[in-house]
Each structure stands twice: as structure tokens, then as C-alpha cells.
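Subject: Structure for you to look over

Hi,

Here is the structure I promised to send. Please open it next to the sequence, and then read my notes below.

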Amino acid sequence: MLNASVRKFLFLLSFIEGSSVMACELFGAKLIAPFFGGSLYVWAAVLGVTLLSLMSGYYLGGYLSKKYKHTSLVYFILICAGIFMIIMPHTSLWIMTATLDFSVQWGTTISLMVFMFPALLLMGTTSPLIINLINDAADNSGKSAGSIYAFSTLGGICATFLVGFYLLPEFGIKWPCYFFGLLLALFPLLALVGKKYFKAFIFLVPFGLTAFINAQKNLDQENYHVLYESEGILGQIRVVDMPYYTSTRGWKNGRALLVNNTAQSIMDVDNPEYDLWDWSYFFPTAVSIFPKGSDALLLGLGGGTIVHQFNRLGFNTDVVEIDQRVKEVALKYFAVPDSTNIIVDDARRYINTCKKKYDIITLDLFLNETPPSHVLTVECFSTLKNMLKPGGLVMMNFYGFISGEKGHASRCIFKTFQQAGFYTQIVATPGAENNRNLIFLAQVDTLDFTRCNYTEPHVQPVSDLTKYFIAIDEVDMNDAIILSDEIPALEKIYLPAALDWRKSTIDYLLKPTLGR
């Protein structure tokens with residue numbers, strides 16, 4: 001029978017193990033995102049591999065508990081789990097670089113099996129072993145199991161809040177990985193040393209080799225210079241100076257805001273108030289029919305492309321951005337004026353609580369390639385309609401697909417706008433479906449887009465926007481559904497288009513920064 005101090009120590013290890021499980025899962029999801037995005041497929045892979053790891057660990061731990069009843073086995077297993085966790089930032093980079101050309105589903109799953117599965121497998125193994133150790137009578141087995149799993153879950157709860165609210169935003173991924181890996185291994189290592197298992201010090205070698213040798217590739221290549229990088233609960237943010245080709249202006253010096261390696265904005269470094277998207281001037285073109293001094297709401301800041309455009313039109317613009325880091329980056333690196341009224345909040349929450357009326361409401365909402373489905377519902381669109389002044393306009397940026405499977409999401413959004421009471425038209429910017437954007441123009445009253453008046457240097461102005469309208473009558477809308485809060489179907493519907501965008505991002509942005 002174990003003495004009281006050892007029992008308490010095992011409960012402490014159970015708490016640490018539970019906290020490390022949740023931390024490992026969160027780190028795994030955030031390590032994956034810059035390479036494969038944050039789509040439903042990615043989260044399904046993260047959760048699936050997590051459950052597979054723990055299931056396998058529980059089974060292995062149950063098997064081992066029948067043969068061994070020694071605290072030393074638990075200690076050794078936790079030390080090994082800590083080693084695997086501390087090397088996750090390095091093994092993940094290696095395997096994801098190797099699987100970049102795989103599909104998102106296979107690339108994500110294989111990568112997670114390599115860098116996350118071993119650590120979680122070993123952590124899951126320890127719970128059955130600890131339960132077996134503290135179980136001193138058959139009729140107490142239920143209480144023992146319940147107590148261990150309760151302590152483990154409590155640790156997971158604490159780690160979830162600590163990692164999500166503090167460690168990731170403040171320290172990124174690598175150092176919190178080191179912290180939890182060391183925490184997971186340190187107490188068992190000290191216990192083994194206390195038992196005079198001095199050979200356990202050999203486990204310090206992998207920690208030293210991994211923590212102090214920078215195994216990560218330098219992401220700065222000859223023409224790609226990283227000015228800023230941050231990891232957080234909302235993903236990786238990077239500011240990169242890079243050459244960028246435009247169809248109308250040729251090669252330019254660009255500055256890209258990348259969220260999980262998907263470009264959210266590309267600024268002209270030589271003319272910071274202008275961007276290099278060939279299609280972005282269609283946004284200010286559409287709203288140039290409104291007079292100077294109009295009140296505009298922009299949901300989604302990015303690098304401030306639309307802020308600059310609205311400023312040139314003389315609008316009074318409020319901006320809502322969910323990520324504080326994006327606000328700071330836009331002000332520091334993308335010449336967004338300090339006077340800009342930027343509210344850090346979730347777009348849907350702001351919509352639900354806002355009392356102000358606007359002439360123009362623009363939705364430019366993407367977290368990497370993932371649009372926020374909770375904003376794109378008939379309930380939210382109806383609220384937006386009530387926020388508009390007479391003659392107002394809701395304008396939304398979306399994927400360029402309108403036909404086939406990849407265009408299903410666009411067709412559903414069109415039907416949802418209609419259901420909310422909007423007269424809706426769609427602008428298709430020039431280019432093929434996989435290389436353009438759609439701009440939804442949802443109107444309370446029919447607006448005249450034949451008298452647009454907006455210009456930018458070296459860009460051919462568009463005075464009659466109707467020439468770019470999609471002929472809705474020629475689009476088959478039979479499969480379009482109304483998106484609602486009750487049935488959040490958009491997350492599945494938009495996946496084909498999102499994966500196409502992610503593939504383009506990998507080929508055009510990520511591979512060059514990795515030297516591939």
C-alpha cells in the first residue's frame with residue numbers, strides 16, 4: 001500500500017498530465033494552422049488524432065497495469081511524454097514541410113500522427129497506471145478512477161484558460177511547449193533521483209539538445225523578409241516584405257499581412273496608402289456613389305486596405321477587429337492612421353449590441369481562409385438591415401466561385417441575403433473563378449451603380465459597375481439553402497472553396513518562404 005505522501009504526489013502528476021493533454025491539443029491545432037489552415041477538416045483531424053491517442057494510451061495503460069505496479073514506470077512514461085512535447089515545434093515543422101503537397105485532410109492527419117500522437121499516447125497511458133497504484137481495495141476502484149480523472153480534468157480546465165488567455169498570446173507556441181514539457185517531466189525526474197535512479201539524468205540530454213539547438217528553418221529567404229511574427233489563440237500572424245506581381249502594374253515591393261500564412265492584405269511599400277490587390281478597388285468603386293461624410297462600418301481590419309480607401313472617399317469609418325494584434329500591426333506596419341476608430345470585438349457581438357446607424361456596412365471577414373459562419377446567417381443579416389440608414393448598403397467580400405460545388409456557399413449566402421429582405425446583386429472581379437473575388441451588394445432600396453466615381457493611380461477606373469454584375473437568372477439556385485443560427489451549415493458548405501484557396505496560398509506564399 002502506498003503511503004500518503006506518494007498518493008498525493010500521484011494526484012499532483014495526474015493534474016499535471018491533464019493540463020498537458022489540453023495544452024498539447026491546443027498547441028497541435030496552432031502548429032498546424034500556418035500550413036494547413038483552420039478549416040473544419042483541420043479541427044476534425046486535431047480532435048480525431050487526440051481521441052485516438054488517448055484511447056490508445058488508456059488501453060496500453062490498462063494492459064501495463066496488469067503486469068506492473070511500480071511508481072517508477074509512471075515516472076519514466078511521463079518523462080518520455082515531456083520529451084515528445086518539448087520537441088513538437090521542431091518535429092511539426094519537419095513533417096509539415098514534407099507533407100505540404102498532400103491534401104489538407106491527409107497532410108494534417110499524417111503530421112499530427114507524427115508530432116502530437118506520441119506525447120498524447122504516453123500521457124493517456126499514465127491514468128490507468130495511477131488508478132491501479134492508488135486503488136487499495138476492489139470496492140474502492142470506482143472512487144479511485146473517478147478521483148484521478150477528476151484531478152486530470154481539473155488540470156485540463158486550468159491549462160485551457162492559461163494557454164488560451166495568456167501563454168499563447170504572450171509567448172507564442174514554442175516556449176509554452178517547452179514549459180509544459182519540462183513541467184511534465186521535472187517532477188517524475190526528481191522522484192526518480194530521490195529513489196537513487198541517477199541514470200534518469202540521461203533523459204536531460206534530449207531536452208538540452210532540443211531546447212538549445214535551433215532546429216527550425218529560417219523563414220527569411222532572399223526575397224522574403226519577416227518583419228513581425230506572433231502566435232496566439234487566433235492563429236499565427238506575420239508581416240512579410242516580398243515581391244508581388246500585379247497584372248496592371250507589374251512587379252512591386254509588397255508588404256503582406258499573413259494570418260496562418262494566408263494573405264489578408266498586401267500593401268504597396270512605396271505607396272503605403274495603396275494596396276496591390278488587382279481587385280480591391282472594386283470595393284471603394286461600389287460605395288463611391290455615397291457622398292463624402294457618410295457613416296461606414298467595416299467588419300474586419302486586416303492591413304487596413306479598405307480603411308485607406310474609405311478615408312480617400314471622406315467617410316467616417318468605424319472598424320471592428322477581433323484580434324488586438326491585427327490592430328497593432330495595422331497601425332505600425334500598414335500606415336493605418338492612429339485616429340482610426342478601431343474596436344476590438346467579435347463582429348457578431350458588436351452587431352448585436354450596436355445602437356448606431358450606418359450608410360455602409362462592409363463585411364471583410366476571414367480568419368485565414370475561414371469565414372465566420374456565425375456572422376453569415378439570416379438572423380445576423382436581418383440585424384444588419386436594421387442598422388442601416390435609409391438607402392443604405394451592406395457590402396460583403398467572399399470567395400470567387402459561384403458555380404458548381406465550390407460555388408455552393410456563395411449561392412447560399414445570396415439566398416440568405418434575400419431571405420433577410422435585401423435586394424442583392426453580385427459583383428465578380430475580373431479573372432477566373434479561382435482567381436477572383438465576389439462582392440455581394442445587399443441593398444434596402446435599389447441603388448444606382450452606373451455613376452461610380454473612384455480612381456487610384458495606375459488602375460483603370462470603373463464608372464459603371466453593373467458591367468461586372470453576375471447574371472443571377474443564369475445561376476442555378478436550386479441547391480441554395482438559407483443559413484441560420486440554428487443550422488450552421490456554412491462550415492461544411494464552404495470547404496471546397498476554402499481548400500482551393502489554401503492550396504493556392506501554399507503554392508504561392510508558403511513554399512517560397514520555406515525555400516521550396
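Start with helices H3 and H4. They pack at about 55 degrees, and their axes are 5 Å apart. That angle makes H3 oblique to H4. From H3, the contact uses Phe-84, Met-85 and Ile-86. From H4, it uses Met-88, Pro-89 and His-90. Five of the contact residues are nonpolar, one is polar and none is charged. Keep in mind throughout that this is a predicted model.

Next, the cores. The largest nonpolar core has 62 residues. Which of them touch the most other members? Phe-27 and Met-123 do. H1 supplies the largest share, with 14 residues.

Take a look at Met-123 itself. Setting aside residues up to four places away in sequence, Met-123 touches Glu-17, Ser-20, Val-21, Cys-24, Ala-81, Met-85 and Leu-184. Met-85 also belongs to the H3 side of the H3 and H4 contact.

There is a second, separate core of 54 residues. Among its members are Val-259, Ala-263, Phe-283 and Leu-465.

Now the sheet. Seven strands form an open sheet with mixed pairing. The order is E7-E6-E5-E8-E9-E11-E10. Strands E7 (341-344) and E10 (423-428) are the edges, each pairing on one side only. From one strand to the next, the twist averages 20 degrees.

Within that sheet, E5 (residues 295-299) and E6 (residues 316-321) run parallel and are joined by five bridges. Ala-296 has Thr-317 in E6 as its bridge partner. Helix H12 (residues 324-333) lies across E6 and E7, and runs at about 155 degrees to E7.

Is Asp-295 buried or exposed? The relative accessible area of Asp-295 is 15%. The cut-off for buried is under 20%, so Asp-295 counts as buried. Leaving out neighbours within four places in sequence, Asp-295 is in contact with Asn-316, Lys-357, Tyr-358, Asp-359, Ile-360 and Lys-389.

Best wishes

Definitions and conventions: Residues are numbered from 1 along each chain as its sequence is written. This is a predicted model: local features need pLDDT of at least 70, side-chain atom pairs count only at pLDDT 80 or more; totals for chains, interfaces and linings use all residues. Side-chain values use heavy atoms; hydrogens and water are left out. A nonpolar core is a set of buried Ala, Val, Leu, Ile, Met, Phe, Trp, Tyr and Cys residues joined through side-chain atoms within 4.5 Å. Buried means under 20% relative accessible area, exposed over 50%, partly exposed in between (1.4 Å probe, protein chains only). Helices (H or I, at least four residues) and strands (E, at least two) are DSSP runs, numbered from the N terminus. Contact means heavy atoms within 4.5 Å. Two strands pair if DSSP finds at least two bridges between them. Axes are lines fitted to C-alpha atoms, for helices over the stretch in contact, and angles run from 0 to 180 degrees between N-to-C directions. Angles under 35 degrees count as roughly parallel, over 145 as roughly antiparallel, 65 to 115 as roughly perpendicular and the rest as oblique. Ala, Val, Leu, Ile, Met, Phe, Trp, Tyr, Cys and Pro count as nonpolar, Asp, Glu, Lys and Arg as charged, and the others, Gly among them, as polar.
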